[in-house]
Amino acid sequence: MNVLILCTGNSCRSILGEATFNHLAPVGWHAISAGSKPAGKVHHRSLALLEREGISTKGYHSKSWDNLPVTPDIVITVCGSAAGETCPAYLGPVLRAHWGVEDPAHATGTNEEIDAAFMAAYRILRKRIEMFFALPLEEIKHDRARMKAELDRIGEVV
């Protein structure tokens, strides 16, 4: 099963989600990330955080949803709402869910405060991904209604 984690810039949240998902994924599950308007580079704080957490950063880069290497089965958008951010709408016959997380790239303040914003986004995404992998995936992966309900429920968890 291929999961696309999607946002606008593909430099922070979607990269954090992709790397964490793949780090924790059981056999047969894989995430990719993309942006509707990719920033062209991964935010250095995202890479530093992943490395501190022991998650490989090899091969992760900012990329467009126009050039996906696989067709996703599930699309999870991670755009936030505080900055009036518009979430891209992936078109295609996929299961969709929204796991909104505020963009740490817009955080201001001291280095510690900005790092805390990145950590907060990472912790929310990791918790949701861990909840996803705790589901009986083999049992529900072909039950679209149940999978959608579970994805939506997880998206509400902070």
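**View A. Contacts of Leu-50.** Apart from neighbours within four places in sequence, Leu-50 is in contact (heavy atoms within 4.5 Å) with Ile-15, Leu-16, Ala-19, Thr-20, Ile-55 and Thr-57. The structure is a predicted model, in which local features need pLDDT of at least 70, side-chain atom pairs count only at pLDDT 80 or more, and totals for chains, interfaces and linings use all residues. Residues are numbered from 1 along each chain as its sequence is written, and side-chain values use heavy atoms, with hydrogens and water left out. Leu-50 belongs to helix H2; helices (H or I, at least four residues) and strands (E, at least two) are DSSP runs numbered from the N terminus. Because its relative accessible area is 0%, Leu-50 is buried; buried denotes under 20% relative accessible area, exposed over 50%, and partly exposed the range in between (1.4 Å probe, protein chains only). The C-alpha atoms of Leu-50 and Tyr-122 are separated by 8.7 Å, although these residues lie 72 residues apart along the chain.

**View B. Thr-20 and its surroundings.** Thr-20 is part of helix H1. Its relative accessibility is 0%, so Thr-20 counts as buried. When neighbours within four places in sequence are set aside, Thr-20 is in contact with Leu-50, Ile-55, Tyr-122, Arg-126 and Ile-129.

**View C. Helix H1 and its cover.** The 12 residues of H1 (residues 13-24) should span 16 Å at 1.5 Å a residue, and the end C-alpha atoms are 16 Å apart, which agrees; the expected span is 1.5 Å times one less than the number of residues. H1 is mostly covered, with 9 of its 12 residues buried. These are Arg-13, Ser-14, Ile-15, Leu-16, Gly-17, Glu-18, Ala-19, Thr-20 and Phe-21. Their cover includes strands E1 (2-7) and E2 (30-35), together with helices H2 (44-52) and H3 (111-133).

**View D. Asn-10 in the loop between E1 and H1.** Asn-10 lies in this loop and has a positive phi of about 50° although it is not a glycine. Most residues other than glycine have a negative phi. With a relative accessibility of 0%, Asn-10 counts as buried.

**View E. Helix H3 and its cover.** H3 comprises 23 residues and reaches 33 Å from its first C-alpha to its last, close to the 33 Å expected at 1.5 Å a residue. Its buried residues include Ile-114, Phe-118, Met-119, Tyr-122, Leu-125, Arg-128, Ile-129 and Phe-133. Among the elements that cover the buried residues of H3 are H1, H2, strand E3 (74-77), helix H4 (137-140) and helix H5 (144-155).

**View F. The whole chain as context for the close-ups.** The chain holds 5 helices and 4 strands, arranged along the sequence as β-α-β-α-β-β-α-α-α. With 158 residues, a compact globule would have a radius of gyration near 15 Å, and the chain has 15 Å, which agrees; this radius is taken over C-alpha atoms, and the globule rule is 2.2 Å times the number of residues to the power 0.38. The C-alpha trace spans about 45 × 30 × 30 Å along its principal axes. Of the 158 residues, 46% are buried. Among contacts between residues at least 6 apart in sequence, 68% join residues at least 24 apart.
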